Amino acid sequence: MFRVSVLQTTDVIPSKEKSRCGRVGGVSRSEKMVKQESESANRPDNTAFTQQRLPAWQPILSAGIVIPGFVLIGLAFIGIGVALLVTSRSIQVLELDYTGDGNGSPCSSCSQSTTVNCKCSLNFTLDTLFQGPVFFYYGLSNYFQNYRRYGASKDDNQLYGDLSYFTSPSSSCSPYDYDGSKNPIVPCGSIANSMFNDTFTLTRTVSGKTDSVPLDGKGIAWWTDYNVKYRNPSVTPLKNAFNGTVKPIDWAKPAYELDTSDASNNGFVNQDFLVWMRRAALPNFRKLYRRIDASGDYQNGLPAGNYTIDITYNYPVRVFNGAKKVVFSNVSWMGGKNEFLGIAYLVIGSLCVVMSVVMLIVYAKFKFPDEE
Amino acid sequence: AKKFKTLEWCTLDFDRRVDSRTIYVGHRPCPANEVFIPPKFCDNRIVSSKYTVWNFLPKNLFEQFRRIANFYFLIIFLVQVRVSTFCCTKQCYSDFDILPQGYEDWLRHKADNEVNKYRVTVLEDGRRIQKESEKIKVGDVLEVDEDETFPCDLILLQSSRDDGTCFVTTASLDGESNHKTHYTVPDTERDVESLNATIECEQPQPDLYKFVGRMHIYKNNEEPTLRSLGPENLLLKGATLKNTQSICGVAVYTGMETKMALNYQGKSQKRSVVEKSINAFLLVYLCILVSKALVCTTLKYVWQSKPGQDEPWYNEKTLKEKETNRYLNMFTDFLSFMVLFNFIIPVSMYVTVEMQKFLGSFFISWDKDFFDSEIEEGALVNTSDLNEELGQVEYVFTDKTGTLTQNNMEFIECCIDGHQYKYRDASSEVDGFCVTDGPMNTVQQKAGRVSVEREELFLRALCLCHTVQVKESTEQGQDGQVVPPLQEQRGFIASSPDEIALVQGAMRYGFTFLGLESKTMKILNRTNDVEMYELLHVLNFDPVRRRMSVIVRSISGETLLFCKGADSSIFPRVKQEEVEKIRMHVERNATDGYRTLCVAYKHLTPEEYDQVDSGLREARLALQDREEKLMAVYNQVETGMNLIGATAVEDRLQEEAAETMEALQGAGIKVWVLTGDKMETAKSTCYACRLFKRNTELLELTVRTLEYPGKRREDRLHDLLLEYHKKTVQDAPPAKTRVASQDFGFIVDGATLSMVLNSSSENNLHDYKDLFLQICQNCTSVLCCRMAPLQKAQIVKMVKNSKGSPITLSVGDGANDVSMILEAHVGIGIKGKEGRQAVRNSDYAIPKLKHLKKLLLAHGHLYYVRIAHLVQYFFYKNLCFILPQFLYQFFCGCSQQPLYDAAYLTMYNICFTSMPILAYSLFEQHISIEMLLENATLYRQIGKNAMLRWGPFLYWTLLGVFHGLVFFFGVWFLFSNPALQDNGQAFGNWSYGTIVFTILVFTVTLKLALDTRHWTWINHFVIWGSLAFYVFFSFFWGGVIWPFLRQQRLYFVFANMLSSVSAWLVIIVLILLSLLPEILYVVLRKPRGPYARQVVL
């Protein structure tokens, strides 16, 4: 009853696998028009859909398509892998731990004292130019920013600048919603309260003269966080919005004083604050602290020389066996240094090539019937 | 006073037997009882539906909870009410489940109403009142007209026929379409209106052929007359009145107490194997879930016990948390983990499965191949729960009459003295005969045609040796004329349709039976003369003798005995030199599937006749052992006969019955024929359907083979069973060398079967049943004849519960098949002529038997593959969905931190991945329908639940684990440096989850794409559409600050992810890595399906 045409067409099925497809099944429109004379109410509709005869494509992965396809994919992957690996290798990274665990380390005294704004400094030497743009990260280990209770402990409405939530913070912020005398905390919650408060300055010693390296704190947080997701209440001066509230317990100064020098970097839209509020995925993480301002001597990055990082040591991590470090890194088109991607591409690329060779052997040996 | 005493005795006697009931005919109090207490019986309503409006919800919920899953969902739901907010979706799931079931039950309600609202005529106080059938009460006097079915079980009181008889056909009850004679109770004939009587009878019992009761008839103040009532007085609900204008009867059993209803078994919810597999898998996944939660809870507390970890300064507990009991905390943690991982249980699978079944079943009712232009109907799907079970059938139990055969006997050929006569075309033959020489003719070449006398003797024998009655013509005017009405118009009534076929066959050859009038049989012969024969005796047919005879006296005074019967019972009783000529014909005809009968005759001298006559009279009057004595006389007289010839009657098969049976056997399905019909008829049908073939060795276990001189039946049964068992089971070659082994066919009848099943007093009961079953299972086909409806169900039940619990399918068309239709895993009703009972109680109804082939081989196969894949895929996709979330717990201090956003968690199963698999499970044809129909053996590949056994399940589970590991650790390695953008900014935990989730959605969808072998535009649309929707949704979800959300976690996360080259690269490489084994498998597997498809088309 049904005439079926077999067409050979080429189609690309997912995952870049080339395949040959046979067009199978199908009813031409004219046949649908031919109605039975004794059409009765009960007679089922004679349509392609009801008769399960919709025109269908039958993907056929034949050796002639698959083997070259695999070779191509394999080669492409190997190419990408090599590129990734080369790029990743070219990225310079400098990591310096300043937790102050051992007695010899520069910050050991600070790590043991509880003094506020304890100062210590780290020295390092660059033999060659540290290619710019250079990014200055701080890193924490064994720090669970992804802990569920921790992560939920904030009030997005408050951070969006909604004043009604200033006086009554969300209960999810507990136990950092009200202080001991029932004053609401703004910004409330564990995340805000535990904001990283070590500060760093970087100086270069060139022929005995110290020269502070310009650090740029703009654009270290996500653009959308800075411009949309977080907002200060539209009250001027900003300080008035915080009337009747108290600063987070562990903060040295209230939110409206985070950056008194730059109004657009103050309050909730402070870049450091935003960086901190974006929770890290894993317990060992790094967060962007500053970029080296590409100006003057630092046009091309950090030139060779002796450097000193002056640290204001506040953040306790040893109580939970954590560690702190500073990281200098430059980035490429693929982001920071990461060998995994390159290796993965190389491995899978060569796997594809090897597989196509195996397939070739199998096909040659067993001669599948489709190889006409 | 004396009379009352006797009556009291009677009632006492009856009361002691608890199982009796008293019925007041016409609800009139009878003088015997001072107080008239109207007894209470159930009304005449038939209920085959499961629910009412009132009990639908609770009853359905109860049945739903029989599924482990649903119970689990309820628990999780209750937990979630406290813990989280995804609850409303769960509620939707269970609602979804209920809807199709409600719809199906509504259809059953409609069908019931049709029966229950049927108008019947009730005689009440001398008036005729129209009532609805369901309002009939026990004791009502009903009037039923010709061709109506009886609305309840009635005792026949009055018939419009003069002789107080009526004819009924019980085709829809036991499958016998012949007419049965029922008798009125004497003395009730005259005035039903004023009849004052009570009926005492046994309580309802399902046996159709048994009825015991008595009737007290009161006339004025006379002594009540007592009449005994037997099955010949009882008209059963479901039977149809024939050849009688109208009858009156009193209702004794009504509604669910009628014999028909008692033979009908309650509808229990049938559950498919797939569902059982799902439940098993579900248990595994529940174990996985619980162990995951346990592991995490344990690890959490181990981790917290390390110094500084439990409550680091940056993450202090609330006061409430500190105060709660540690063990309570552990418990709530455990529950939270359960909620976190509960997505591993594919909740939405149940919805999808339900939808797939419901929507998929439309393809059956839409299939135009199932449309029968005769009855203008297509297939009907009564339950959609069992679609996939159609692909798993191992045993088919089929009714014979109306299912395999059309129950339309036709005279095909005869053989007279070794010459074969085949009727070709009546118009072209002057004398009605044409000779097509059979193989025997070569021997008797010279003889040529048989003498005309022999031919005529044969035809006279056919005309005389029967118990056929001529149906009175409704046009009385033509009755007196000698000219016979046209052949087709002449109506005959007989207890067996093949007798009619023989008489009609003789009619075509010029000898017409005109009827029996006061012991005189009239025959119109070829020369249009009426021959008269005096009918002296009828030696009735019985299954042991397997022949019947008549003794007639011709006008000329000759006394003749004509005998016809099965070859095996005739051959030993005729002169042996005549046998060989006929035997070959008979055997050939038998294996062609024709029903053969041999005809013999004998001259009786007056002395012989006198002896026979007196013998018969004496035996008939005997009070004890009447049957045995009659039999002895019969056997004595039916000896030394002359064989004239043999006849072949075809029990016309349904269209393509043989092809269908062959296809089913080719598909590895064992076909059993269960029939209420006689063994001979059924056997020939089996031959005609090619269920028995020429080389099939038949093993018979029937009343006949149990008759063995010098042995008790039980012993003989024992011997036979052992013998057959040895033949079929012990001596059978091992399975590998089955190819050349002997085919066995097994024949058993109802009486023997009940001996096998009910020999409970003997201690070897178990052995018998086992032996029997083993024999049956080693035979290619089994024929069970003379089955009562409940016995059919017993057989089905026995096979169903045997080792390996095979999937059974019953197909039948009459009410007598209902019990077996209900008992089997899948019940198929044929929309035949015998009413709608079977259709109503079936799971699927098809117009013709031939449709069974496509239903099983194509639809069943596809549905099974679809749903099996659906189930496995669902478990797989939820495993690899939740595994990363589980792994993440190791990196977040086991704090129940979800890896994915709540929206993703909820939408994953509902939107992102549900539609492609639904489309797959509706449209997939891994092998084209044509291929499936052509190669029945393909059906064997999916037999025994092949795709849902532990092997495939393990494969899918491992695949899920592999994918889950790849997704999580691939991204984990990437996140060793979270600066993934060229602006040096770091990604957070939601980015991590979103990358994993993106890989996940793409991988599982593409995995399905790889599995799809039949891409319709819908598949394309849904697969690519789902992926596009995911991307679109993610943009949208992350692109707006949603006012109703407390946390804007995903704000611009997805868009930021896409701006990172590394994220793109890792997504691509991980998808490929996940699918690599699958692609390899697709490429390297033998490309059977697709190529075969191309070759075919």
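What share of the contacts in chain B with a separation of 6 or more is accounted for by residues 24 or more positions apart? Here are some friendly notes that begin with the answer.

1. The share is 74%, where a contact means heavy atoms within 4.5 Å. Please keep in mind that this is a predicted model, in which local features need pLDDT of at least 70, side-chain atom pairs count only at pLDDT 80 or more, and totals for chains, interfaces and linings use all residues. Residues are numbered from 1 along each chain as its sequence is written, chains are lettered from A and ligands numbered from 1 in the order in which they are written, and side-chain values use heavy atoms, with hydrogens and water left out.

2. Chain B has 1097 residues, and 59% of them are buried (under 20% relative accessible area, with a 1.4 Å probe and protein chains only).

3. Now look at B:Asp399, where an unreviewed UniProt entry places the feature "active site". Such annotations may be inferred rather than shown by experiment; the position is in the numbering used here, and the feature name is shortened. B:Asp399 lies in the loop between strand E15 (395–398) and strand E16 (405–416). B:Asp399 is buried, with a relative accessible area of 1%. Beyond four places in sequence, B:Asp399 touches several residues, including B:Lys792, B:Asp813 and B:Asp817. The side chain of B:Asp399 also makes a polar contact with the side chain of B:Thr403 (3.3 Å). A polar contact is a pair of N or O atoms within 3.5 Å; within protein, one must be able to donate a hydrogen and the other to accept it, and residues adjacent in sequence count only if both atoms are side-chain atoms.

4. B:Glu700 sits in strand E28 (residues 697–701) of chain B. B:Glu700 is buried too, at a relative accessible area of 10%, and its side chain makes a polar contact with that of B:Thr702 (3.2 Å).

5. Finally, find the largest nonpolar core, which has 119 residues. Such a core is a set of buried Ala, Val, Leu, Ile, Met, Phe, Trp, Tyr and Cys residues joined through side-chain atoms within 4.5 Å. Helix H26 (residues 851–889) of chain B gives the most to this core, with 18 residues. B:Phe975 and B:Phe997 have the most contacts inside the core. Among the residues that B:Phe997 touches are B:Phe881, B:Tyr900 and B:Tyr1030.

Definitions and conventions:
Helices (H or I, at least four residues) and strands (E, at least two) are DSSP runs, numbered from the N terminus. Buried means under 20% relative accessible area, exposed over 50%, partly exposed in between (1.4 Å probe, protein chains only).
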